[in-house]
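Me: Please show the sequence and structure. I have some questions about them.

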Amino acid sequence: MADQPRRPRTLADPRTEAEAAFKKVTTKPVEAPPPKKAAVPGVREQVTLRIDQDVLEHFQSEGPGWQDRINAALRKAAGL
C-alpha cells in the first residue's frame, strides 16, 4: 500500500468536490470593461434632458439656436 501515490486532500465529500470542480469549469473569467471612447472635440451627443418649462421658454424666446445657447450656459456653469 505504501507504493500507491497519496491522494491530495480535498474539500471533504464527493459532492462538495464535484460542485467545486463544476464551478471552476463553468465560471467565466472576469473581463475588464471595454475602454471608453475618447471624446472628440466639437462632436455632440444626443441626450434627453428634463428642464423646467420657464427655463426652456426663456431660451426659445430668442429664436433659433436655443439649444446652442443652453449648451453655452451649461459650459459656463461647468467652468469649461
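Predicted model: local features only at pLDDT ≥ 70, side-chain atom pairs only at ≥ 80, totals over all residues.

**Salt bridges and pockets**

Me: Which residue meets Asp68 in a salt bridge?
Reply: The contact is a salt bridge (Lys or Arg side-chain nitrogen within 4 Å of an Asp or Glu carboxyl oxygen) with an N to O distance of 2.6 Å. The partner of Asp68 is Arg44.

Me: How many residues apart in sequence are the parts tied together by Arg44 and Asp68?
Reply: Arg44 and Asp68 form a salt bridge through their side chains. Arg44 lies in the loop between α1 and α2, whereas Asp68 belongs to helix α3 (helices are DSSP runs of H or I, at least four residues), so the pair ties together parts whose separation in sequence is 24 residues.

Me: Which helix holds both Glu19 and Arg15?
Reply: The side chains of Glu19 and Arg15 meet in a salt bridge at 3.3 Å, N to O. Glu19 is partly exposed at 42% relative accessibility, and Arg15 is exposed at 62%. The two residues lie four residues apart, about one turn, in helix α1.

Me: What is the relative accessible area of Arg69, the salt-bridge partner of Glu62?
Reply: Glu62 and Arg69 meet through their side chains at 3.4 Å, N to O. Glu62 counts as exposed, at 52% relative accessibility. Arg69 is partly exposed, with a value of 22%.

Me: How many salt bridges does the whole structure hold?
Reply: Among them are the pair Glu19 and Arg15 and the pair Glu62 and Arg69. A search of the whole structure gives a total of three.

Me: Which helix gives the largest share of the lining of the largest pocket?
Reply: A pocket is an open set of 1 Å grid points where a 1.4 Å probe fits, with protein on both sides within 12 Å along at least five of seven lines; lining residues have an atom within 4 Å of a point. The largest pocket is lined by 19 residues, and Glu45, Val47, Gln67, Ile70 and Asn71 lie nearest its centre. Eight lining residues, the largest share, come from residues 66-78, helix α3.

Key: Residues numbered from 1 in each chain as written. Heavy atoms only, no water. Buried < 20%, exposed > 50% of the residue type's maximum accessible area, 1.4 Å probe, protein only.
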